[in-house]
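Trainee: I've just opened this one and could use a guided tour. Can we go through it piece by piece?

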Amino acid sequence: MTTADADRVPGAAYRNLLTATVGFALTFWAWNLISPLAGDFGQRLSLSSFQQSFLVAVPVLVGSLGRIPVGALTDRYGAKLMFPLVSALTIVPVLLVIPARDSFGLMIVVGFLLGLGGTTFAIGIPLVNSWFPPSRRGLALGIFGMGMGGVALSGYFTPRIAKHGETLPFLVVAVALAVYAVAAFFLISDRPGRTVPTASLASRLGQAARLRVTWELSALYAIGFGGVVAFGVYLPSYLKTWYELSPTDAGTKAAGFALVTVIFRPLGGWLSDRIHPAIVTACALAVVALFAVVQAFDPHLYPVGTICLLVMAAGLGTTSGSVFALVSQVTPQQQVGSVTGVVGAMGGLGGFVPPLLMGAIYSSKDSYSIGFMLLSDLALAGCVYAYGRMRNVRPAA
């Protein structure tokens, strides 16, 4: 087989990439439904800052941990079954928010179930990875990663739709998920001849956990994508509390932050096809570390605060794309789903802790500076490790 033959991409690959990206965006919107309305829920239920943070963080935790079994199940049963199934099941907790919204306890339970929407990441990565050759995977995975723009869609549209009816956002998302689940059943197809693992779920997860690179990538992804998720779920509260913006303005600006991460994620993958992804990761995290320090000094929102937040969004988005370009290089094809599940889970968990931490810090110190300094420290540590260790990792045979 010639190099040109190996790099040829079939038309079905683009169909699967587009369908998976749309599904990723929709399920991420569902996953993030509570965050843009957190201020309203906080007032309705008389929640403290920490309780409000916990409410928006619960779906992140469950969606993150759920990626581990969902990724392994995708290795076994394929994305053709898993994508429509998970999309359809996500409709249930979306609709359950309606009767649960007057009880904090019930909202926690529903938030737990809503985490299911965050697991589709571990379905799409092995699907896209299998359809594209190594020389094209960085960009393809970056394009799929643009589906995390569902956070931006949620931040922008959810509060605006809610102005026309408290229950309307949940009904709109439920209908969209139902339509998508049917479409995905017909449009998504697994790569012919894909390797189907025969080992048990526990065995495959154990094999993935024994790979050193799984945990190295998990740490880097926890900083990059974890930062994206953390800002996505907590930025509206931060802007509303610190800069005294209205819920709609805060949601709009948070959507702008998420949009920048979406744009820069495929750029991180594209650069990783041309430069070692570890170098791309190190440079992006260095930028995040620098601007997090500036934001820690509480600059005015216009223009310095806005510039800092948007540049950090660009750095975190680039890191999210470059880390998964590295995953596709060093992971055996039949283990991509399992490794993706673990790495994706750690990335999501990276987004679970900061909102709780920021809420707790503000409650005790009336300041967010410590939180931004911690982000700077983590980003700098990731920068040093990516450049010093990960650039020497070579593709697996």
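This is a predicted model: local features need pLDDT of at least 70, side-chain atom pairs count only at pLDDT 80 or more; totals for chains, interfaces and linings use all residues.

Trainee: At what angle do helix H13 and helix H15 pack?

Mentor: Helix H13 covers residues 247-272, while helix H15 covers residues 301-330. Their axes are 6 Å apart. The residues of this contact divide into 12 nonpolar, 11 polar and two charged. As for the packing angle of H13 and H15, that's about 40 degrees.

Trainee: Are helix H4 and helix H12 roughly parallel or roughly antiparallel to each other?

Mentor: The axes of H4 (residues 49-77) and H12 (residues 212-242) come within 10 Å and cross at roughly 150 degrees. Angles over 145 degrees count as roughly antiparallel. Therefore H4 and H12 are, relative to each other, roughly antiparallel.

Trainee: Which residues in H12 does H4 meet?

Mentor: From the H4 side, the contact is made by Ser-49, Gln-52, Ser-53, Val-56, Val-60 and Arg-67. The contact's residues divide into six nonpolar, four polar and one charged. On the H12 side, the partners are Phe-225, Val-229, Val-233, Tyr-234 and Ser-237.

Trainee: Is Thr-27 buried or exposed?

Mentor: Thr-27 has its place in helix H2 (residues 11-31). Leaving aside neighbours within four places in sequence, Thr-27 touches Ser-87, Gly-117, Thr-120 and Leu-177. A polar atom of the Thr-27 side chain also lies 3.1 Å from the backbone oxygen of Phe-24. Because its relative accessibility is 0%, Thr-27 counts as buried.

Trainee: What about Ser-46, is that one buried or exposed?

Mentor: Ser-46 is in the loop between helix H3 (38-45) and H4. Although Ser-46 isn't a glycine, it has a positive phi of about 55 degrees. Its relative accessible area is 62%, so Ser-46 is exposed.

Trainee: And where is Asp-298 found?

Mentor: Asp-298 isn't a glycine, yet it has a positive phi of about 55 degrees. At 25% relative accessibility, Asp-298 counts as partly exposed. You'll find Asp-298 in the loop between helix H14 (277-296) and H15.

Technical notes:
Residues are numbered from 1 along each chain as its sequence is written. Side-chain values use heavy atoms; hydrogens and water are left out. Axes are lines fitted to C-alpha atoms, for helices over the stretch in contact, and angles run from 0 to 180 degrees between N-to-C directions. Helices (H or I, at least four residues) and strands (E, at least two) are DSSP runs, numbered from the N terminus. Angles under 35 degrees count as roughly parallel, over 145 as roughly antiparallel, 65 to 115 as roughly perpendicular and the rest as oblique. Contact means heavy atoms within 4.5 Å. Ala, Val, Leu, Ile, Met, Phe, Trp, Tyr, Cys and Pro count as nonpolar, Asp, Glu, Lys and Arg as charged, and the others, Gly among them, as polar. Buried means under 20% relative accessible area, exposed over 50%, partly exposed in between (1.4 Å probe, protein chains only). A polar contact is a pair of N or O atoms within 3.5 Å; within protein, one must be able to donate a hydrogen and the other to accept it, and residues adjacent in sequence count only if both atoms are side-chain atoms.
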